[in-house]
Amino acid sequence: MIYMKRTISFFLVVFILFLSACSNQQIPSDNLLRSTPEAESVSSTGILNYIQAVEKDSTQEIHSLMVLRHGKVVAEGWWNPYRPDLRHIMHSVSKTFTSTAVGFAVSENRLSVNDKVISFFPDYLPDTVSLYLAQLTIKDLLTMSVGQDPEPKFTYQDPNWVKAFLATPIVNEPGTVFLYNSYATYMVSAILQKVTGQKIIDYLQPRLFEPLNIKGMDWEEDPMGINIGGWGLRVKTEDMAKLGQLYLQKGKWNGKQLLPESWIEEASTAKIIQKPDITQEQRNQDDWAQGYGYQMWRCRHNFFRADGASGQYIIVMPELDAVIAITANVNNMQHELNFVWEYLLPAINGQLPVDKQKDQALKEKLASLSLPVPPKTTSSLEGTVTGKVYTMEENDGQTNSISGSFANDQCMLNLQEGSNSYSFTYGSGKWIAGETNRPGPYYRFGQRDPKGKAPFQVSGYYEWLDDHTLKLVLRYTECTLSDIVTLHFEQDKLTVDMSVGLTPQSIRTVRKTELKLKQ
């Protein structure tokens, strides 16, 4: 009996130790593990300083931030109306997912980066295949050294992008001159689909997305049903961070080698220099002149990154065992990176003292992040215009009528465009979240295909600029763009100014119309 009690006690101790290990987050997980900055030797003060600095700079509109150290999330935040559960359109960060698919295909012996591009598309070749086109390899596509100049541009009116790409002249020997070329990445996607018989989003499903527990993603397609490759993937911020962590761990995830370590090394190291003629002093200040790998940029400080327009980054810091994921809407992306190097790098690099008392301040700040919203405003017209319908005397083919109402610090707007009706809700002094089937500016004006993407997540606020002028701001929160509608009421006439917010510094008017009060 005593022996049995001792045996049971022994196993209880082992079981308790096991639970303790579990509670210390050392077991594999489908989601990224969470920790605190101080537990991973990161300065809460440094992260807090970064947030305060970007919020003081009007050029820095950050949408989300996630900082990982030793495989654990130590800080994460989303600036309202952006949220952790929402996907965000990936611009050229999509390219790194595409090159990752190449890594899987190479490891499965489906292709080699030295394969000639023309070998995959014999039916789409021009009548005369030039010497440079014959030399072009997958590696040249991956390293942005195709030799085309300028970069080709296609639209959804072009039925065959592969054929159009192959018909574009190559003026420099492939592999010798760097020129950013998003359609080169599209060609990589087309090759992968030809070789695997699957769109790359489907090819990556069991190889990348399922092991990393990435769900709900989608990817834009060309007119032939090929994933664009160079842009158009929608994933969440944590999904971005997971890809960075996979590269940091040299292709290993939860103890399993998903991608060969040799591929990670090959893809993330410099294969070509972007600006060979600049001075060393210029190079030391330029994160776009550190070398380019397979759809990844080298950074200063011996880091590398996935990089997308408007300030989207997955920054991998091997020497610090850290990853930073950011989505944003900025013009000057170098300025954005400078903030990372100035504030976050010292916080992670142990150059700032650890202050446990700052941890709570950081938590509170991360929980309260929001893009600025004007304070509550009102107008004596709110009761007058509520329920009124304004229509076009001569339909411009786009706006038939506008009506709205006000209640409880909310504005409800109804928009009739042709046979389509849309309703939006805006908050006074706050964001109001919703969804709509009306495609946002990313799809309306960027020559993108919105098929299958609705409903679109939105969030809006309104502001009375004066007693007769109402400004309505609607954020499409799965991309970087906004619709801004300014309504000016004058007796029975309504002037409507519809604008698009590409970035905070570049708002452009796309249509101005006049409507009359419906009698």
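Predicted model: local features only at pLDDT ≥ 70, side-chain atom pairs only at ≥ 80, totals over all residues.
Side chains of opposite charge can pair when their charged atoms come close. In this model the count comes to 25 salt bridges. One of them joins the side chains of Asp 218 and Arg 87, with an N to O distance of 3.0 Å. This pair links distant parts of the chain, 131 residues apart: Asp 218 belongs to strand β5, and Arg 87 to the loop between β3 and β4. Both residues, Asp 218 and Arg 87, are buried. They also take part in a network of salt bridges together with Arg 234 and Glu 478.

A further salt bridge, at 3.9 Å from N to O, pairs Asp 239 with Lys 236. Here Asp 239 is buried at 2% relative accessibility, whereas Lys 236 is partly exposed at 21%.

Helix α13 (residues 357-367) packs against helix α2 (residues 44-56) at an angle of about 35°, the axes lying 9 Å apart. The crossing is left-handed. Among the residues making the contact are Ile 47, Leu 48 and Ile 51 of α2, and Asp 359, Ala 361 and Leu 362 of α13. By class, the contact comprises 6 nonpolar, 2 polar and 4 charged residues. Asp 359 also forms a salt bridge with Lys 363 (3.5 Å, N to O), and the two lie 4 residues apart in α13, about one turn of the helix. Asp 359 is buried at 12% relative accessibility, while Lys 363, at 44%, is partly exposed.

Finally, Thr 495 sits in strand β21 (residues 493-503). Its relative accessible area is 16%, so Thr 495 counts as buried. Its contacts beyond four places in sequence include Thr 486, Leu 487 and Lys 512.

Methods. Residues numbered from 1 in each chain as written. Heavy atoms only, no water. Buried < 20%, exposed > 50% of the residue type's maximum accessible area, 1.4 Å probe, protein only. Contact = heavy atoms within 4.5 Å. Axes fitted to C-alpha atoms, helices over the stretch in contact; angles between N-to-C directions. Left-handed = near helix turned anticlockwise from the far one by under 90°. Nonpolar A, V, L, I, M, F, W, Y, C, P; charged D, E, K, R; others polar. Salt bridge = Lys/Arg side-chain N within 4 Å of Asp/Glu carboxyl O.
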